Amino acid sequence: MKRLLLDRAKHVLAANDLGASTKPSPALYPHQWNWDSAFIAIGLAHYDLARAKTEIRSLLAGQWRNGMLPHIIYNPASSGYFPDPHRWQIARSPDAPASILTSGITQPPMVTIAVREIVRRESRADFAREVFPALLAYHRWFHRERDPRGEGLASIIHPWESGMDNSPRWLEILDQIKLEKRPDYRREDDTLIPPDERPTDADYDRFIFLMDLARDLNYNQEDIFANSPFVVQDVLLNSILFRADDALRELAVLIGEPPEQAEQWMHMTRLAFQSQLWNNDDAFFYDFDHRRRSIIRENTIAALIPLYGGLATKEQADRLVKHLMNPEEYAPDTLTAFRVPTASKSSRYFAPRGYWRGPIWVNMNWFLIRGLERYGFADLANAIRADTLALIERSGFHEYFDPRTGEGDGTDMFSWSAALVIDLEEDDEP
Ligand code: 2M8
């Protein structure tokens with residue numbers, strides 16, 4: 001059974017292999033995505049280290065001169081995805097690469113964690129040495145350009161940067177963006193996937209508005225911070241950045257570079273999670289709207305990902321787990337049969353087939369499993385693992401799953417669903 005599942009997962013990654021990178025899915029996402037490639041490399045590292053390194057190298061090839069690693073690296077041979085590179089016009093930025101087409105925004109820095117996983121499986125440090133400067137530049141960019149006041153928390157400037165595009169966390173801010181006129185564009189995604197499983201047109205209008213705004217400001221981060229209605233200290237991104245800083249610190253030690261810079265960043269982030277993001281009344285870590293200086297009080301799975309980061313105290317972890325065990329929020333009940341919906345069932349935005357507004361995603365379950373294991377909640381971690389595998393067995397390697405029925409939604413043959421199932425199934429501590 002396990003062998004069969006692993007073979008099927010490897011088949012998905014092979015089918016989406018573009019040569020030097022892997023697309024997230026056959027048709028819906030035909031290019032290379034930043035954090036997708038990192039998850040993919042974590043899966044590949046179990047059976048093909050050379051290919052895992054190639055995945056990382058092709059991602060780093062898209063790095064900007066200021067250190068930013070874009071969220072999409074376009075495959076010139078693919079079409080059928082909007083926005084295409086022409087919309088981004090990255091040449092407006094003096095930092096953009098000259099010969100590679102990319103987007104102008106980033107995604108959570110899972111790449112450093114993937115590199116750490118690859119290096120852990122080798123007895124040599126040459127790959128760590130090779131990619132360390134690029135990773136360090138990426139982290140420096142996050143901490144410098146996205147945390148200009150040195151608060152210990154990086155901001156995202158677009159919902160796409162969170163990876164959870166239409167999460168309830170962003171909907172109120174998006175709603176406040178009043179467009180004088182709709183941006184001119186044509187979506188491609190809703191021709192491939194039923195529209196009720198994708199962001200609404202109103203969400204998309206705002207995604208494109210924010211993207212055009214960053215472009216019109218020539219991707220100058222200072223100007224974007226000053227002018228954009230969307231500047232948010234995202235709990236998910238900062239949990240991953242913290243964990244990635246730790247991976248960077250370990251890589252530094254391994255190759256004889258000073259670890260102090262990463263330690264300093266981690267120290268600042270730890271303080272900020274406690275002083276700025278923790279809400280003791282609700283027992284949640286909430287995002288912080290940097291622009292309006294207020295918390296975003298939405299009950300979503302992101303509030304629990306500091307468990308993966310290792311940013312919760314033991315007492316906070318106990319309280320966070322209560323949300324996961326509560327049938328009115330995240331635990332199974334008469335409405336939902338599977339763990340773990342990405343938004344609380346109690347949320348007014350909860351939509352069980354609505355993309356990041358409720359469906360189960362394999363990467364979020366994976367974050368929770370790894371985080372719960374870390375804090376000693378082995379039974380709950382195993383229950384989430386069992387549900388994740390049951391969903392794949394039942395419906396295949398879908399992009400996301402309806403928590404009521406387990407039905408697969410979005411695209412099929414989704415790469416990170418396959419890659420992270422490999423990681424869960426192999427689960428060897430090398
Ligand atoms: C989704 O995002 C893209 C935009 O970046 C889209 O909707 O077209 C998100 O699920 C994101 O997390 C993911 O990296 C990307 C590719 O799988 O798709």
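A: The second largest cavity has a lining of six nonpolar, one polar and three charged residues. Here Ala, Val, Leu, Ile, Met, Phe, Trp, Tyr, Cys and Pro count as nonpolar, Asp, Glu, Lys and Arg as charged, and the others, Gly among them, as polar. This is a predicted model, in which local features need pLDDT of at least 70 and side-chain atom pairs count only at pLDDT 80 or more, while totals for chains, interfaces and linings use all residues. Residues are numbered from 1 along each chain as its sequence is written, and side-chain values use heavy atoms, with hydrogens and water left out.

Q: Which residues line the second largest cavity?
A: The lining consists of Arg169, Val235, Phe285, Tyr286, Asp287, Ile296, Glu298, Thr300, Ala302 and Ala303. About 40 Å³ of space lies in this second largest cavity. A cavity is a set of points, on a 1 Å grid over the protein atoms alone, where a 1.4 Å probe fits but cannot get out, and lining residues have an atom within 4 Å of a point. Grid points are joined across faces, edges and corners, and a volume is the space filled by probe spheres set on the points.

Q: How many cavities of 30 Å³ or more are there?
A: There are two cavities of 30 Å³ or more. The largest cavity holds about 230 Å³ and is lined by 19 residues, with Tyr29, Trp33, Gln107, Asp165 and Tyr355 nearest its centre. Its lining has twelve nonpolar, three polar and four charged residues.

Q: And what is the volume of the second largest pocket?
A: The second largest pocket has a volume of about 210 Å³. Of its 13 lining residues, Gln32, Ile73, Tyr74, Asn75 and Pro76 are the closest to its centre. The lining comprises eight nonpolar, five polar and no charged residues. A pocket is an open set of points with protein on both sides within 12 Å along at least five of seven lines.

Q: Changing topic: how many salt bridges does the structure hold?
A: The structure holds 40 salt bridges, a salt bridge being a side-chain nitrogen of Lys or Arg within 4 Å of a carboxyl oxygen of Asp or Glu. Arg87, Arg92, Asp212, Arg215 and Asp216 are linked in a network of such bridges.

Q: What about arginine 353: which residue does it pair with?
A: Arginine 353 forms a salt bridge with aspartate 409, with the closest N and O atoms 3.9 Å apart. Arginine 353 lies in the loop between helix H15 (314-325) and helix H16 (362-374), and aspartate 409 lies in strand E9 (residues 408-409), so the pair ties together parts that are 56 residues apart in sequence. Helices (H or I, at least four residues) and strands (E, at least two) are DSSP runs, numbered from the N terminus.

Q: Is aspartate 409 buried or exposed?
A: Aspartate 409 is buried, with a relative accessible area of 2%, whereas arginine 353 is partly exposed at 26%. Buried means under 20% relative accessible area, exposed over 50%, and partly exposed in between (1.4 Å probe, protein chains only).

Q: Which salt bridge does glutamate 373 form?
A: Glutamate 373 pairs with arginine 370, the closest N and O atoms being 3.1 Å apart. Both residues lie in helix H16, three residues apart, about one turn of the helix. Glutamate 373 is partly exposed at 32% relative accessibility, while arginine 370 is buried at 15%.
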